[in-house]
Amino acid sequence: MDYPLLDIFFTTMWLFLWILWFFLLFRVFGDLFRDDTVGGWGKAGWSVFLIFLPFLGVFVYLIARGQGMGQREVQRATEAEQDFRTYIRETASDTSGPGAHVDELARLAELKEKGHITEEEFRRAKAKVLA
């Protein structure tokens with residue numbers, strides 16, 4: 001089998017470029033369909049353009065809407081992080097979960113150990129927490 005080293009290099013390069021092309025194409029389609037500012041007909045038009053003339057369509061899309069792609073991606077990431085932080089804050093402040101009882105009982109036990117409340121007060125507060 002005669003396959004020179006340079007041919008292996010070129011085959012690997014073309015394979016890499018082919019995979020890179022598909023990543024770019026999927027990224028453009030993903031940005032197009034996540035963008036709320038483009039209407040249905042606009043998305044349909046861009047899709048037809050990208051399907052029938054993919055190279056030209058991707059390059060025109062990147063020229064026309066490329067700068068906005070980065071801005072939309074940053075905005076989506078910021079919104080996702082804000083949603084995550086809001087969820088964490090709400091979950092951590094939720095006092096109705098099972099962890100709330102454990103924390104309250106631990107606080108009561110600490111107060112009893114330090115002598116701030118009596119055994120009877122501890123039992124009443126414990127019964128109230130567990131009820």
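Across the whole of this predicted model, eight aromatic pairs are found, where rings of Phe, Tyr and Trp (its six-membered ring) pair if their centres lie within 6.5 Å, and planes under 30 degrees apart count as stacked, over 60 as edge-to-face and the rest as tilted. One of them joins W46 and Y61 edge-to-face, at 4.9 Å centre to centre and 85° between the planes. This pair links distant parts of the chain, 15 residues apart, with W46 in helix α2 (residues 40–52) and Y61 in helix α3 (residues 54–93); helices are DSSP runs (H or I, at least four residues), numbered from the N terminus. Both W46 and Y61 are buried, that is, under 20% relative accessible area with a 1.4 Å probe, protein chains only. Elsewhere, W18, F22 and F26 are linked into a cluster by ring pairs.

W46 and Y61 also belong to the largest nonpolar core, which has eleven residues, including L50, V58 and M69; such a core is a set of buried Ala, Val, Leu, Ile, Met, Phe, Trp, Tyr and Cys residues joined through side-chain atoms within 4.5 Å. Helix α1 (5–34), α2 and α3 each supply at least two of its residues, and the largest share, five residues, comes from α1.

R65 lies in helix α3 and counts as buried because its relative accessibility is 16%. Leaving aside neighbours within four places in sequence, R65 is in contact (heavy atoms within 4.5 Å) with D35, T37, V38, W46 and R72.

Residues are numbered from 1 along each chain as its sequence is written. Local features need pLDDT of at least 70 and side-chain atom pairs count only at pLDDT 80 or more, while totals for chains, interfaces and linings use all residues; side-chain values use heavy atoms, leaving out hydrogens and water.

Key
Buried means under 20% relative accessible area, exposed over 50%, partly exposed in between (1.4 Å probe, protein chains only).
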